[in-house]
Amino acid sequence: MSTTRPYPPGDRGPEPSGASGASEGGVAATGASGEGVGTPSGAAPSGGRQVRRLSFDGESGVVPLARDFTRQALYAWGWLPAASADQRAAAEDVLLVVSELVTNACLHAEGPDQLRITCDNKVIRIEVADRGTGQPAPRTPHRAGRPGGHGMFIVQRLCLDWGVVRTPGVSGKTVWAELGAPA
């Protein structure tokens with residue numbers, strides 16, 4: 001697990017400019033407030049990357065909003081409805097990681113700015129941008145059974161990898177996490 005390199009091995013790096021309003025698969029991603037998520041008739045990614053963005057500007061109740069937005073994307077990409085217990089567990093893991101990253105941005109980073117979800121046939125990448133300066137890290141030592149402080153430990157356990165991207169000269173950061181697609 002890395003918390004310093006901006007992109008894991010094999011990642012294609014940042015998205016090309018001009019693609020902020022639609023997924024690379026041609027489906028509308030979000031409106032100005034995160035509404036209008038395109039939902040093609042059960043279309044799963046067919047080799048290309050699918051991208052969805054949700055802006056939290058002026059929104060309240062951002063954690064349930066982020067979960068609902070992510071659930072809609074999972075339906076559009078064919079992760080839901082799940083045909084097996086493994087597929088259902090994979091979708092629930094994605095929703096849990098989204099909840100943890102958005103909650104951490106609320107608690108420790110002045111709130112989230114944007115949620116970005118990218119999916120291809122093998123990996124789903126979750127990115128939460130915020131204005132915070134802190135460095136997320138699993139609680140050390142992890143204290144099972146104690147309330148609170150387990151968010152990044154959960155992310156670390158569920159994800160293939162996670163990390164933080166900072167842009168020099170720009171306040172804030174993006175915390176990303178990647179999960180494998182269900183078999």
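This is a predicted model: local features need pLDDT of at least 70, side-chain atom pairs count only at pLDDT 80 or more; totals for chains, interfaces and linings use all residues.
View A. A pocket here is an open set of points on a 1 Å grid over the protein atoms alone, where a 1.4 Å probe fits, with protein on both sides within 12 Å along at least five of seven lines; lining residues have an atom within 4 Å of a point. The lining has 22 residues, and N104, H108, P136, A137 and M152 lie nearest the centre. Look for α2 (85–108), α3 (151–158) and β5 (173–180), which each bring at least two lining residues; α2 gives the largest share, seven. Helices (H or I, at least four residues) and strands (E, at least two) are DSSP runs, numbered from the N terminus. By type, the lining splits into nine nonpolar, nine polar and four charged residues (Ala, Val, Leu, Ile, Met, Phe, Trp, Tyr, Cys and Pro are nonpolar; Asp, Glu, Lys and Arg charged; the others, Gly among them, polar).

**View B. An open sheet of five strands.** The order runs β1-β2-β3-β5-β4, with antiparallel pairing (strands pair if DSSP finds at least two bridges between them). At the edges sit β1 (50–55) and β4 (161–165), each pairing on one side only. On average, neighbouring strands are turned by 15° against each other, direction ignored, using axes fitted to C-alpha atoms. Six bridges join β1 to β2 (residues 112–119) in the antiparallel sense, and R53 has R116 of β2 as its bridge partner.

View C. The peptide bond from L80 to P81 is cis, with omega near -5°; P81 is in the loop between α1 (62–76) and α2. E110 has phi near 65°, positive although the residue isn't glycine, and belongs to the loop between α2 and β2.

**View D. R125 over W176.** The charged end of R125 sits over the W176 ring, 4.4 Å from its centre (the rule: NZ of Lys or CZ of Arg within 6 Å of the ring centre and within 35 degrees of the ring normal).

Methods. Residues are numbered from 1 along each chain as its sequence is written. Side-chain values use heavy atoms; hydrogens and water are left out. Axes are lines fitted to C-alpha atoms, for helices over the stretch in contact, and angles run from 0 to 180 degrees between N-to-C directions.
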